[in-house]
Amino acid sequence: MALLEVRDLSVVFQRKGEEPFAAVDGISFDVSPGQMVGLVGESGCGKSVTSLAIMGLLPQRGVRVEGTVEFEGKDLLRLSDRELADRRGRDLGMVFQDPLSSVNPVIPIGVQVSEVLERHEGLRRREAALRSAELLDRVGIPDPSRRLKEYPHQLSGGMRQRALIAMALACKPRLLIADEPTTALDVTIQAQILSLLSELVRDTGTALIMITHDLGVVAGMCDEVNVLYGGRIVERAGRHELFAEPRHPYTAGLLASIPRLDAPRGDRLTPIRGSVADNIPWAGGCAFAPRCPNAVDACVERSPEMTRDGERLLRCHNPVGRPAPSEEVPVQ
Amino acid sequence: MAIGTSRKERIDSLAESSASETGVSLAASAWRRLRRNPVFLVGASIIGLFVLLALLAPVLAPHDPGVRMLADQVSRATNSIPPAQEGHPFGGDQHGRDLFSRVLLGSQQTLLVAVLATVIGLGGGLTLGTLAGAFGGWVDSLVMRIVDVMLSVPSLLLAVSIGALFSSQTQFTVILAVAIVQIPVFARLLRGTMLAQRESDHVLAARSLGVRQRSIVFRHMLPNALGPVIVQSTLVLAVAIIDAAALSFLGLGAADDSVPEWGQMLGNAQNVIDSHPHLAFWPAACIIVVALGFTLVGESLRDALDPKRRR
Amino acid sequence: MSAARGESANVSTAPEEDRVLVEVDDLKVHFPIKRGVVLDRTVGHVYAVDGVDLRIQRGETYGLVGESGCGKSTLGRALLRLVDQTGGRVVFDGVDLSTLRGEPLRRMRRRMQMVFQDPMSSLDPRQSVASILVEGLRAHGLDTDRVATDRRLRELLTAVGLPGTALRKYPHEFSGGQRQRIGIARALTVNPDLVVADEPVSALDVSVQAQVINLLGDLQEEFGLTYLVIAHDLAVVRHISDRIGVMYLGGLVEEAASDALYQEPLHPYTRALLSAVPVPDPELEDRREHILLSGDLPSPAAPPSGCRFHTRCPWRQADRCDTERPALREITPGHRVACHFAEDIRDGRIARHEVAAEAVDATTGLSGVASTSAAGPASVTEVLGP
């Protein structure tokens, strides 16, 4: 049974005097214990908003969240603020992109980690401090007892991200959401953090949702990859299947447009034309149609439904390679 | 395979029509947001009203503010001051002059003091701040130490000392005292934003293009650094009115009180405030409302000029 | 992106010396760390660039890679004299830039331009595109004829793939990729020989990066440009560069032709860097060797003695690596490495070993060796278990 079931999640931003804007437009996916699920896409595809919606961290005003997010059978979207706050930290952990702005700058790291333990585990201060030191050591922070007394700005970016992971892990959450956890870090540090996350998932059975724009990051670690475009999932497959044979023109386009270390150095890259600003609304067709090299008439006439092809889900009228599978995914 | 040409054209034309031909500058978009902000509208109406009153005061005022036309109703012995009566809606002051006319004409002096003090303060502050921000190094250190010294003295105390320096007090000494107090505020603010601009990529880009230093300072650094200073100056207008009133109140205003000014009226009313509070009420109310108007405009300008809020 | 055509084509027959456009000798840029209330006291230096030698040939693309804090951006700026150098010299087309001051330096700037990372902050938000582009022309007295200037601006916009209507718009009205095109057009207005591109695509969306990378290639051919491309993304650098230099803590640790560097990285740091780049191919990711470096980059204010990389190097050998700073030496033609044991590592005579992470202080750069977890738990389950 899935640990987290997201069904038809939509997040609509509504500002006064403006058209409502659906940042997330009917996203469904499951996460099982110990599974690593990737949400991949460029800026504005709705990947971060999805994670904030799951965590209940979106602002209350001007935002409409629809659908269900069931965590062990309980809909997180229907919980009271208090129940949700209790879940966050205990059952759900989150690691953000910018480790500096997601910790309190005027409180020592150690106190921030212990606080989580004191609050959710009911530990006494002394025990909590001891456990915090163990946690910092576990995430690979050298000399943890000294580091506990230091303030966030005294740690390097990589160490801050480790401290943040320690904080998210403090209460053994069953689900960890990592939102671009390595984007602000250098490659060698990124490699450290990614291997740490993989190891934690393997050792604890925590489920991980990995949100990133970097296809290389998901290729190395995620069991299942969701490619997002314009607020919808356009393709889902296991990482081996997805990278071996991308079917959606957007996935294929992304893979073709990045220079690769593992391929001979070609002369020119094949970019995707235009930018996200050229999207059309999903209502009247496929949002990607104006930029799509495979677009046919149907793409601007009706919105493509999600179809199933073996283990793969695909939302496209004219996919790369074979024609679109006919079996439609029933609306849940 | 290709998308139907007619549909593709339709998408293209849609995209083009949504993009306007001419660009919207930063100032234009700030103005557009400002116009829709109720806070700005209220503030601007208050200021507009008082400016209009000041301009029309000589016409609107029913009497000459310097003539003691109700002097017969003033008596020191009985501490009586002319009450409101026909032709004199606010009554008279302790010298028997028409209070309504004095409040009306007082707007002229008060606004003049505020605007002149702010303009002089802004001019001085801009000069010093630009010097420090544009050159950096020892020029910056020197200017900033001077500014620090000025800032270390409480502003009103500094204004009082400057006001007291002049042998004969006139309206001009008040303006100068208030203006000098504002110079370090402006200088510091501008210097900070200028230094931030100095480090910015677009200034670096201009330098690497070989643009002359003067042009970098006046075309790139100064215009981009001015936003906070403009906001500050509207707030200073309010402060200047209050400071000028305080100086007059302390007896450091113009010696000649035939030309009315709100602060001075407030100061003169203090002896009789227990028995005749209305003498203090009208000028005080005017000061508060005008200061509020400037503050509201300043706050809404701050919002409008904030690039983060631009959409 | 091979050698350029056009005006630099005729120099390909010239002797070797004349083909060098930029010559950097033992360049040093040290920033003083100042403290003090009244009088600033220098309490130390950040050794941002600490002795770099390199040559950039006319018409080539030289890529500079390294992680944040390695001094690559500072090197690029020092090359353009946008920061003052502490020592060494930069010779641009036979002219020693360090001797130039004032007006001659300003006129020299026409020949070397820069493209920035953040396309928003590098464009003055108050100026229209036309006024941004005309500025360089005006600074060098090239905008004498209004009609000709207008035609030139439109040509440039076409070259970078923007419509002529863009001239009257303002930076905030464009997308990130379009802004970067404007930034590139601005650099080209004054007809430079050298363009230093500092992370030209890292602020852009993945799908747009390829457009800008291709554009840089096209413009190089069209205008005969020489590029110095500074980036942290090795895949990008490899794609666009003819030669690549790898920097670590202010020094060049390896330099080679682009393909040679990726086929046979010789410096331990380069090897670790290459293995750390995630590759969008799950099969390869599962299979290939990952060299995880322990710890962080030491602070450039307190660089380690000897080889700068010895604190994190999995191939470090006792004594010599800690005490003697290796010089950049040519191992195979065109392939220079700053490592005492490069050949031994290549031929497998030295084995990799574990390295204990050192704590690096973000503020002071003081480091103390970590007490590696002898008493610490062995796995997460041990900490997290009941």
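This is a predicted model: local features need pLDDT of at least 70, side-chain atom pairs count only at pLDDT 80 or more; totals for chains, interfaces and linings use all residues.

Trainee: Why is the pair A:Arg239 and C:Asp286 called a salt bridge?

Mentor: The closest N and O atoms of A:Arg239 and C:Asp286 are 3.0 Å apart, and because the cut-off for a side-chain nitrogen of Arg and a carboxyl oxygen of Asp is 4 Å, the pair qualifies as a salt bridge. Between chain C and chain A the count is two salt bridges, along with 17 residue pairs in polar contact.

Trainee: Which element gives the largest share of the side of chain C that touches chain A?

Mentor: Helix H7 of chain C does, with eight residues, while the side as a whole has 28 nonpolar, 16 polar and 14 charged residues.

Trainee: What makes C:Arg325 and C:Asp50 a salt bridge?

Mentor: Their N to O distance is 3.8 Å, which is within the 4 Å limit, so the name applies here too. Chain C is divided into domain 1 (6-263) and domain 2 (266-386), and across the interface of these domains the rule finds three salt bridges.

Trainee: How much area is buried between domain 1 and domain 2 of chain C, and which three residues of domain 1 supply more of its part than any other three?

Mentor: The area buried between the two domains is about 2200 Å², with carbon and sulfur atoms giving 61% of it. C:Tyr248, C:Leu249 and C:Glu254 supply 32% of the area that domain 1 of chain C buries against domain 2 of chain C.

How values were computed: Residues are numbered from 1 along each chain as its sequence is written. Chains are lettered from A and ligands numbered from 1 in the order in which they are written. Side-chain values use heavy atoms; hydrogens and water are left out. A polar contact is a pair of N or O atoms within 3.5 Å; within protein, one must be able to donate a hydrogen and the other to accept it, and residues adjacent in sequence count only if both atoms are side-chain atoms. Helices (H or I, at least four residues) and strands (E, at least two) are DSSP runs, numbered from the N terminus. Ala, Val, Leu, Ile, Met, Phe, Trp, Tyr, Cys and Pro count as nonpolar, Asp, Glu, Lys and Arg as charged, and the others, Gly among them, as polar. Domain bounds come from an automatic or database domain assignment. Buried area is the accessible area (1.4 Å probe) that two parts lose on being put together, summed over both.
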